Amino acid sequence: MSADERWIARSEALTRLGVKAQTLYAYVSRGRIAARPDPTDPRRSLYAVSDVARMCGEGGDAEAAEVRAPLMGAAARGEADIQSSVSLIVDGRLFYRGLDAVQMSEAATAEAAARTLWDAREADPFAELKPRIDPIVGGATQRRVLAVLGRRAIEDRSSRAHDAASLKREAASLLSEVVDSVSGPGPRLYLHQRLARGFKTAERDSHLLRRALVLGAECGLDEAVLAARAAAGGGAPLAGAVLAGVTTLSGRALTEMDEVTAYVGEARRDPDGAARRWIGLRGGVPGFGVAAEFGRVDPRVAALLDPADLPADLKAVWTEGEAAGGQGASFALALALIARRLDLGPTGAGDLLVLGRLAGLLAHAVDQATDGSPIRARLRYVGPEPGSH
């Protein structure tokens, strides 16, 4: 078999597997099917024909059961099976309910992106919102976010007590209240402009906050989305569901962000040397390496950094890191560089991550509460047999 014959296009892979595109991308993200960019069009992906054949059961491989009965296979492995209409990554591009997120970031506000993710494009849930008379202020940004979510989780009704329209209004109210807690009192501007006021960011740079919020709102299924959907599926208020997602982000995602932020501070002085030291120590550079669904390049990185007018030392952290490790920059690195560019402080990148993800987590909570199928998973007991001690 020639090198070209070892790889097939998405359409052929889907036909042979008999699954939807989302399932194919799930197989790629879990390492069950290898993928690579198409040399003739880097925006598209090719898939390993041997892996596709194995998943189809050609040659008698038992793994074919995953394709013929994906729900049964997911339950047998203890994996959750979730249906979502919020976002999709196709051929390395991120779509919010069918709209390209990178294209949206050129001009869309965070409110517009949220309305798209919430499927609220006809009626504006942000219309006529008023500031709360007793906002939570003071303390670090992420602490304020958690405080607002915690208070609203106690005050608000179960998501099961709402229809879809009122859930979306509550989502808008919650997002606006969080931003108010960060921005402090002032004119009722767009969300990114209010955040710029709170962060003391120059008006001319506020578009970078807007882009970060739009591009960082959603990234597909991760632990935070699963936590938010599970809570919403159980009837938690929207604030409670989002609180579950945000506290989950505090684990791996924010820990990794802290490491990337520290790396940016180190690499500014010697970007090539810092990258090579990390490769020698750990085999990779913090902030480099792209999720399999995107292929080799996460398009959100350039969409955020190209308009940022990065100083030479920060731009070199990006370009030298990619050259040294041979891997594309992650969106976490893009956020860390923007936080440094805007002088948002040591937690600035994490703040942008959390604030951006709020709209997406709200989208998943609303989607699960209104249209979501039950989250099916099976807990397989592997502990001691009863009476064995």
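User: How are H9 and H19 oriented relative to each other, antiparallel or oblique?

Analyst: Two packed helices are described by the angle between their axes and the distance between the axes. Here the axes of H9 and H19 cross at roughly 160 degrees and come within 10 Å, so H9 and H19 are roughly antiparallel to each other. On the terms: angles under 35 degrees count as roughly parallel, over 145 as roughly antiparallel, 65 to 115 as roughly perpendicular and the rest as oblique. Axes are lines fitted to C-alpha atoms, for helices over the stretch in contact, with angles from 0 to 180 degrees between N-to-C directions. Helices (H or I, at least four residues) and strands (E, at least two) are DSSP runs, numbered from the N terminus.

User: Before we go on, what kind of model is this, and how are residues numbered?

Analyst: This is a predicted model, where local features need pLDDT of at least 70, side-chain atom pairs count only at pLDDT 80 or more, and totals for chains, interfaces and linings use all residues. Residues are numbered from 1 along each chain as its sequence is written, and side-chain values use heavy atoms, with hydrogens and water left out.

User: Which residues of H9 and H19 meet?

Analyst: Contact means heavy atoms within 4.5 Å. From H9 come Ala164, Leu167, Lys168, Ala171, Leu174, Leu175, Val178 and Val182, and they meet Leu355, Leu358, Ala359, Leu362, Val366, Ala369 and Thr370 in H19. By class, this contact of H9 with H19 has 13 nonpolar, 1 polar and 1 charged residues. In that count, Ala, Val, Leu, Ile, Met, Phe, Trp, Tyr, Cys and Pro are nonpolar, Asp, Glu, Lys and Arg are charged, and the others, Gly among them, are polar. The crossing of H9 and H19 is right-handed; a crossing is left-handed if the near helix is turned anticlockwise from the far one by less than a right angle, and right-handed if clockwise.

User: At what angle do H13 and H19 cross?

Analyst: The axes of H13 (residues 238-249) and H19 cross at roughly 130 degrees and come within 9 Å, so these two helices are oblique to each other. H13 passes H19 in a right-handed crossing. In H13, Leu238, Ala241, Val242, Gly245, Val246 and Leu249 meet residues of H19 including Leu358, Leu362 and Val366.

User: And how do H14 and H18 pack?

Analyst: H14 (residues 252-267) and H18 (residues 331-341) have axes 9 Å apart, at an angle of about 55 degrees. H14 and H18 are therefore oblique to each other, and their crossing is right-handed. Among the contact residues are Met257 and Val260 of H14 and Leu333 and Arg340 of H18.

User: Now the cavities. How many are there?

Analyst: Rolling a probe the size of a water molecule over the atoms shows where empty space is left. A cavity is a set of points, on a 1 Å grid over the protein atoms alone, where a 1.4 Å probe fits but cannot get out, and lining residues have an atom within 4 Å of a point. Grid points are joined across faces, edges and corners, and a volume is the space filled by probe spheres set on the points. By this rule there are 2 cavities of 30 Å³ or more. Of its 13 lining residues, the closest to its centre are Ala110, Leu175, Leu191, Leu213 and Leu355. H19 gives the most to this lining, with 4 residues, and the lining of the largest cavity divides into 12 nonpolar, 1 polar and no charged.

User: What lines the second largest cavity?

Analyst: The second largest cavity, of about 60 Å³, is lined by Tyr25, Val28, Ala35, Ser45, Tyr47, Asp91, Ala292 and Glu293. By class, that lining has 5 nonpolar, 1 polar and 2 charged residues.

User: Last, where is Arg97 found, and what is its phi?

Analyst: Most residues other than glycine have a negative phi, and most peptide bonds are trans. Arg97, in the loop between strand S5 (93-96) and strand S6 (99-100), has a positive phi of about 45 degrees. Asp343 also has a positive phi, near 55 degrees, and lies in the loop between H18 and H19.

Key
1 Å grid on protein atoms, 1.4 Å probe; cavity = no way out; pocket = protein on both sides within 12 Å on 5 of 7 lines; lining within 4 Å.
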